[in-house]
Amino acid sequence: MIFSFSAADLSTVSADLLVLAVPAGAVAAAVAPLDGPGSFSGTLATLTRDEEFTGKAGSSLPTPSLGHIRARRLLLVGTGGGSPADLRHAAGIAGFQARVRGAKTLAIAFHGATPNPGVLRTIMESVAEGNYRFDRYKSEGSRKAPLESVTLVGVTENQAAVDQALASIAGQNLCRDLVNEPAAEIYPASLARICQELAGENITVDVWDEDKIREKGMGGIAGVGQGSTRGARFIHISYNPPEAKGHLALVGKGVTFDSGGLSLKSNDNMLTMKCDMAGAASVVGVMKAVKALRPNVRVDGIIGAVENMPAGNAYKLGDVLRFYNGKRAEIHNTDAEGRLVLADCLAYASELKPQAIVDLATLTGAAVIALGDWYTALYTRSDDLSAALVGHAAEAGDGVWRMPLVDLYRDKLKSEVADLKNVGGRAGGSITAALFLSEFVTCDKWAHLDIAGPAFLESPLLHYTPGGTGTMVRSLIRWIEAAGR
Ligand code: BES
Ligand code: MN
Ligand code: ZN
């Protein structure tokens, strides 16, 4: 996707789709430049009145241009009060509608708004977000063309914002593709190979196979992975520029398929479980953007990649696993596998002594029940880190909600035979999962993001199609960029 800027008269802009973003109550003024003699000649005023288009945020009104203007189609999109979120959402609708109509070229103008560079960046990112489709398994004939070029009309040119947006888009799209690919394509070894492609200047990628994982004492990853014919992998991507100003680590749950193991899931609950590596996919996506943006901060990306399967040699209820930091957990449910994989990864990440660790995981159904499919559940003991992540998410357009990481419930994880058991009961299931993870972290600034709700949509939401969303990728890229400044 190419972004360019134009100061041309709207009626002369050539594009498959021209989108005019219209604030609430400004419809007449917004459409006026297109509604004069020689263009729509007053019919836009009639159309918007008859269709009761008022510029309400999230609303839209399409019309063919019938030769009245140079663009083939016109789409009015409401931006309501014109907040950054409203502009972002309008851009998402523009990208979405472009895809529905197979538009290859899009021009977009914002009536009465001059988006600042930060908002401009999210506008570009949202156009791409709305335009995204995962259609490689559809026949040629039933695919709609993606956008090739996007022209921002009446917006001040800003190449830095374009470069940032392109890096975020590439990272987020990679994340979404990885999540949407079936588990037959994305399994631990293939995921590791994709990570290895990121290696380059100041970037190393270290991959451990099953034997090395066991040898190094990562009994969580080894235990969960042992029932699968697809061997587990531990993946460490490290971006380390010469004079790095700081050091951050990202950790991702990479369960490439979660059948539940011997605690087998029902068909309905298993159906979407190719998405259980969304945390890992987010880490890969962020690292891809880091590679393009080259921020002045060290970033380690750590992934535990396994397939959770039932088998004669699968890990069992009552088994005791020993993790990288020496702690042991008794298995009460093999479907609570993500925390076992993350335990090893978090202990390893802690050993690197970064200033902050953020993990991402489709960890619990309880987070989905609590917050639905828009909000990520954020757990941290650091108010600073919470404020930073919530702030970047607000800018980027991701939904994050802080939840209590309360020691009060720690007793629920007590085991008769080991240091811990791997489940804490149904009540507060996402909190006890976070508490389990906290046993493996020795870094004051640690945040856990339970993305089980927003990482994968079963039905459309806003301008997102069902499937992987790449939630939190753009927020974390901003967090890293800020640390490098
Ligand atoms: N991968 C699932 C969590 C999940 C559920 C992600 C729905 C996305 C959508 C996780 O491994 C899991 O199975 N968690 C169990 C834990 C329970 C057994 C303590 C759950 O939430 O039911
Ligand atoms: Mn599970
Ligand atoms: Zn899982």
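A pocket, as I use the word here, is an open set of points on a 1 Å grid over the protein atoms alone, with protein on both sides within 12 Å along at least five of seven lines, and its lining residues have an atom within 4 Å of a point. A volume is the space filled by probe spheres set on the points, which are joined across faces, edges and corners.

I note that this is a predicted model, in which local features need pLDDT of at least 70 and side-chain atom pairs count only at pLDDT 80 or more, while totals for chains, interfaces and linings use all residues. Residues are numbered from 1 along each chain as its sequence is written, chains are lettered from A and ligands numbered from 1 in the order in which they are written, and side-chain values use heavy atoms, with hydrogens and water left out.

Entry: I looked up the largest pocket and found a volume of about 1100 Å³. It is lined by 38 residues, of which Lys265, Leu363, Thr364, Gly365 and Ala366 are the closest to its centre. Among the elements that give two or more residues to this lining are β9 (247–258) and α12 (365–371), helices being DSSP runs of H or I with at least four residues and strands runs of E with at least two. The most comes from α12, which gives five residues.

**Entry: the manganese ion.** I then listed the donors (N, O and S atoms within 2.8 Å of the metal, or 3.2 Å for Na, K and Ca). The manganese ion (ligand 2) is coordinated at 2.1 to 2.2 Å by Asp258 (OD), Asp335 (O), Asp335 (OD) and Glu337 (OE). I recorded their spacing in sequence as D-x76-D-x1-E. Asp258 lies in strand β9 and Glu337 in the loop between β12 (328–330) and α11, so this pair ties together parts that are 79 residues apart in sequence. I checked burial (under 20% relative accessible area, with a 1.4 Å probe and protein chains only): Asp258 counts as buried at 3%, and Glu337 is buried at 1%.

Technical notes: 1 Å grid on protein atoms, 1.4 Å probe; cavity = no way out; pocket = protein on both sides within 12 Å on 5 of 7 lines; lining within 4 Å. Buried < 20%, exposed > 50% of the residue type's maximum accessible area, 1.4 Å probe, protein only.
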